[in-house]
Amino acid sequence: ARTIPALQKFLTAASHLDKPLKKLSQEETEAGYKVTASITRELIPSRDRVTTLCDCLDLTLVDLTSLHENGALLRFTPQELENLIVALFEHSKARSDVIAA
């Protein structure tokens with residue numbers, strides 16, 4: 001069976017859990033967060049898309065358009081972005097203009 005590299009790192013680190021616990025240094029704590037984030041990205045590939053989508057829910061139409069223009073929403077297809085705009089904002093000339101652009 002194929003083992004995901006980040007998961008292998010986690011399993012290696014977890015194999016030492018039978019030893020007495022010690023206070024982790026800042027460096028060890030940060031390394032743990034990086035491994036956890038790496039495992040999460042590999043096991044849940046849509047996590048970044050979901051996080052970005054959640055971040056968009058409170059934005060104004062202007063802010064959402066600005067993010068798109070700056071390339072921050074490249075994880076989404078044009079159709080997905082249009083659907084998001086239609087779902088979040090009531091029908092208006094501004095919404096129609098953004099969709100038409």
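In which helix is Thr 52 found? Thr 52 lies in helix α3, which covers residues 47-56.

## Model and conventions

This is a predicted model, in which local features need pLDDT of at least 70 and side-chain atom pairs count only at pLDDT 80 or more, while totals for chains, interfaces and linings use all residues. Residues are numbered from 1 along each chain as its sequence is written, and side-chain values use heavy atoms, with hydrogens and water left out.

## Overall fold

The protein chain has 6 helices and 0 strands, and its pattern along the sequence is α-α-α-α-α-α. Helices (H or I, at least four residues) and strands (E, at least two) are DSSP runs numbered from the N terminus.

Of the 101 residues of the chain, 15% count as buried. Buried means under 20% relative accessible area, exposed over 50%, and partly exposed in between, with a 1.4 Å probe and protein chains only. Among contacts (heavy atoms within 4.5 Å) with a separation of 6 or more, 55% join residues 24 or more positions apart.

## Surroundings of Thr 52

Thr 52 counts as buried because its relative accessible area is 14%. Its side chain makes a polar contact with the side chain of Arg 75, at 3.3 Å. A polar contact is a pair of N or O atoms within 3.5 Å; within protein, one must be able to donate a hydrogen and the other to accept it, and residues adjacent in sequence count only if both atoms are side-chain atoms.

Apart from neighbours within four places in sequence, Thr 52 is in contact with Ala 72, Leu 73, Arg 75 and Phe 76. Thr 52 and Phe 76 are 24 residues apart along the chain, and their C-alpha atoms are separated by 9.6 Å.

## Nonpolar core

The largest nonpolar core has 9 residues: Cys 56, Leu 61, Leu 64, Leu 73, Phe 76, Leu 81, Leu 84, Ile 85 and Phe 89. At least two residues of this core come from each of α4 (61-69) and α5 (78-88), and α5 supplies the largest share, 3 residues. A nonpolar core is a set of buried Ala, Val, Leu, Ile, Met, Phe, Trp, Tyr and Cys residues joined through side-chain atoms within 4.5 Å.

Leu 84 touches Leu 53, Cys 56 and Leu 64, with residues up to four places away in sequence not counted. Asn 83 is also placed in helix α5. Asn 83 is classed as partly exposed because its relative accessible area is 44%. The C-alpha atoms of Asn 83 and Ile 99, 16 residues apart along the chain, are separated by 9.4 Å.

## Second largest pocket

The second largest pocket has a volume of about 270 Å³. Of its 14 lining residues, the closest to its centre are His 68, Leu 81, Ile 85, Val 98 and Ala 101. On a 1 Å grid over the protein atoms alone, a pocket is an open set of points where a 1.4 Å probe fits, with protein on both sides within 12 Å along at least five of seven lines; lining residues have an atom within 4 Å of a point. Grid points are joined across faces, edges and corners, and a volume is the space filled by probe spheres set on the points.

The lining takes at least two residues from each of α4, α5 and α6 (93-100), and α5 gives the most, with 5 residues.
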